[in-house]
Amino acid sequence: MRISVIGCGYLGAVHAAAMASQGHDVIGIDVDPVRLGALREGRVPFHEPGLEQLLSEGMSAGRLRFSTQIADAATAQVHFVAVNTPQRLGGDEADLGYVEAALRSLAPHLARGALVVGKSTVPVGTARRLAPLLDGRAELVWNPEFLREGHAIDDTLRPDRLVYGVGDDPDAAERAQTLLDAVYAPQLAAGVPRIVADRETAELVKVSANAFLALKISFINAVADVCAATGADVNLLADAIGHDARIGRRFLGAGLGFGGGCLPKDIRAFGARAAELGEEAIGSLLREADRINLGRRHRAVELLRTALSSEPGAAASADQGGDLRGRRIAVLGLAFKPDSDDIRDSPALSVATELALLGAEVVAHDPHAVPKVRAARPELTCVDTAADAVVGADAVLVLTEWREYRELDPAALAATTPARLVLDARNCLDPAAWRAAGWDYRGLGRHEQALGALVA
Ligand SMILES: NC(=O)C1=CN([C@@H]2O[C@H](COP(=O)(O)OP(=O)(O)OC[C@H]3O[C@@H](n4cnc5c(N)ncnc54)[C@H](O)[C@@H]3O)[C@@H](O)[C@H]2O)C=CC1
Ligand SMILES: O=C(O)[C@H]1O[C@H](OP(=O)(O)OP(=O)(O)OC[C@H]2O[C@@H](n3ccc(=O)[nH]c3=O)[C@H](O)[C@@H]2O)[C@H](O)[C@@H](O)[C@@H]1O
């Protein structure tokens with residue numbers, strides 16, 4: 001099939017390369033000349049494991065090309081719209097300006113019988129409202145995407161499910177389903193469940209899925225606070241409740257909470273849209289999840305201040321917690337999650353920035369996010385290796401659970417820093433191993449207090 005993908009960011013570039021890998025003839029369109037220039041040269045402008053390889057295979061096979069000109073998409077039979085839907089400035093709502101602009105620019109180029117498929121995450125009712133922008137030249141359906149950054153290719157090629165949100169006209173809906181079935185033939189042949197629904201249900205499936213994941217993370221973080229207050233271990237607790245198949249262990253990782261370009265803005269937009277519809281309950285539930293989540297960042301900073309002030313020989317500070325001015329803090333991790341260089345609403349970057357504002361000398365490392373951090377936060381000092389960051393640090397903060405941090409050798413690092421205080425904000429290190437190497441280990445919501453100082 002001839003496919004266009006409009007918007008070649010984290011979602012669109014992966015979708016384009018994945019569709020080319022299953023034999024379709026794909027053109028990716030983006031208005032950003034820098035991003036497009038990189039893709040044209042076969043370079044991925046962000047970190048996504050395996051994407052560069054898939055891109056180069058598609059391009060060498062002649063099945064994948066990129067353009068900034070929407071007219072170049074004119075011969076496609078199916079157009080996927082994968083542009084950004086960020087949080088509106090000064091509000092919780094989604095900014096649909098990019099989706100509207102993409103549909104408007106596409107409309108005059110649509111071939112007879114073409115199908116336009118929304119992939120971006122949008123508030124319920126968007127497809128129905130925006131369909132007239134296509135001037136009756138094509139059907140607009142919604143096919144939300146559930147990929148995770150860092151696993152994007154596998155999630156695209158082997159999704160948990162496919163959701164088609166089709167319009168009211170039965171003939172048009174059937175044509176749309178036939179075209180989408182042809183696009184996703186390998187997935188359907190492999191038995192991936194396909195749910196065909198109305199557009200409103202499809203739009204709501206997407207935001208509900210993200211909202212549920214956010215609630216799950218905030219739930220475990222709220223429980224983690226109680227664990228911290230009593231000396232209970234939230235990781236073991238999560239293992240234990242996760243064995244219940246009705247609950248499941250995934251997304252019960254307590255620590256610094258969720259960030260990124262999707263979960264935070266999607267729960268806010270969901271609440272805002274529900275409120276517009278006169279439904280307040282989901283918004284209040286999600287606002288609490290958001291509040292708990294943002295509170296994790298503050299708690300990490302407070303944990304550090306407390307730990308520094310309770311160190312033997314530490315001077316008591318004027319403002320209750322430890323004074324961070326002039327303290328050298330090694331920050332390990334800046335991306336919002338491992339296997340990604342995405343720093344959009346990154347909890348790690350937000351903590352690092354806060355520490356610098358409080359006067360700490362932050363020395364940060366991240367395996368992939370540093371170029372983006374240097375552009376966005378030039379005031380932060382970034383170094384090339386985790387070991388370089390740790391040398392002489394008053395405290396080591398693990399803020400993103402990259403595999404290389406989980407595999408650090410605490411004994412080797414202990415020799416490079418006399419302070420030996422490690423704060424594991426992602427609960428990803430082995431406390432016993434770090435303690436055995438002489439470190440004062442504290443986990444966020446797990447072993448927040450020094451060993452022996454737990455509440456009775
Ligand atoms: N990042 C992810 O993992 C996932 C994202 N989504 C959703 O997909 C959408 C896109 O997200 P990302 O890829 O992360 O955003 P992004 O910001 O990385 O990419 C969006 C791209 O669209 C381009 N664009 C904007 N207006 C355009 C236009 N009129 N014509 C052509 N290109 C245009 C931008 O230049 C940018 O390159 C959002 O709605 C997001 O919520 C859904 C599932 C996963
Ligand atoms: O709509 C989207 O864009 C995507 O949003 C999330 O994917 P993503 O943002 O890539 O990353 P996740 O793996 O969901 O992690 C999100 C955040 O939650 C945090 N998290 C995750 C899991 C956990 O147990 N604890 C936890 O704090 C991560 O560190 C990260 O900051 C969803 O998982 C995808 O299904 C969805 O398609």
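Here is a friendly conversation about a predicted model, taken one feature at a time.

Trainee: Which residues of H7 are buried, and within what arc do they fall?

Mentor: The buried residues of H7 are Ala176, Leu179, Leu180 and Val183. Looking down the axis of H7, you would see these buried residues line one face of the helix, because they fall within an arc of 95 degrees.

Trainee: Which exposed residues does the face of H7 turned away from the buried side carry?

Mentor: For contrast, recall that the buried side of H7 includes Leu179 and Leu180. What covers those buried residues includes helix H1 (10–21) and strands such as E1 (2–6) and E7 (162–166). The face turned away from that side carries the exposed residues Pro170, Asp171, Glu174 and Thr178.

Trainee: How far apart are the farthest two C-alpha atoms of the residues under the UniProt annotation "binding site"?

Mentor: The annotation comes from an unreviewed UniProt entry and covers Asp30, Arg35, Thr85, Thr121, Glu149, Lys265 and Arg344. They span 315 residues in sequence. They do not all gather at one spot, because the farthest two C-alpha atoms are separated by 22.9 Å.

Trainee: Is Glu149 buried or exposed?

Mentor: Glu149 sits in the loop between E6 and helix H6 (152–157). Leaving aside neighbours within four places in sequence, its contacts are Tyr10, Glu48, Lys337, Ser340 and Asp342. The cut-off for burial is 20 or more other C-beta atoms within 10 Å. Glu149 has 25 such neighbours inside 10 Å, so it counts as buried.

Trainee: Which residues does Lys265 touch, not counting those up to four places away in sequence?

Mentor: Lys265 has its place in helix H11, residues 263–276. It is buried, because 23 other C-beta atoms lie within 10 Å. Once residues up to four places away in sequence are set aside, Lys265 touches Pro86 and Gln87.

Trainee: What distance separates the C-alpha atoms of Phe212 and Phe251?

Mentor: Phe212 belongs to helix H9, residues 199–230. It counts as exposed, because 12 other C-beta atoms lie within 10 Å. Phe212 and Phe251 are 39 residues apart along the chain, and their C-alpha atoms are separated by 9.9 Å.

Methods. Residues numbered from 1 in each chain as written. Chains lettered and ligands numbered in written order. Predicted model: local features only at pLDDT ≥ 70, side-chain atom pairs only at ≥ 80, totals over all residues. Helix = DSSP H or I, 4+ residues; strand = E, 2+ residues; numbered from the N terminus. Arc of directions from axis to C-beta. Contact = placed C-beta atoms within 7 Å. UniProt positions renumbered as here; feature names shortened; annotations may be inferred.
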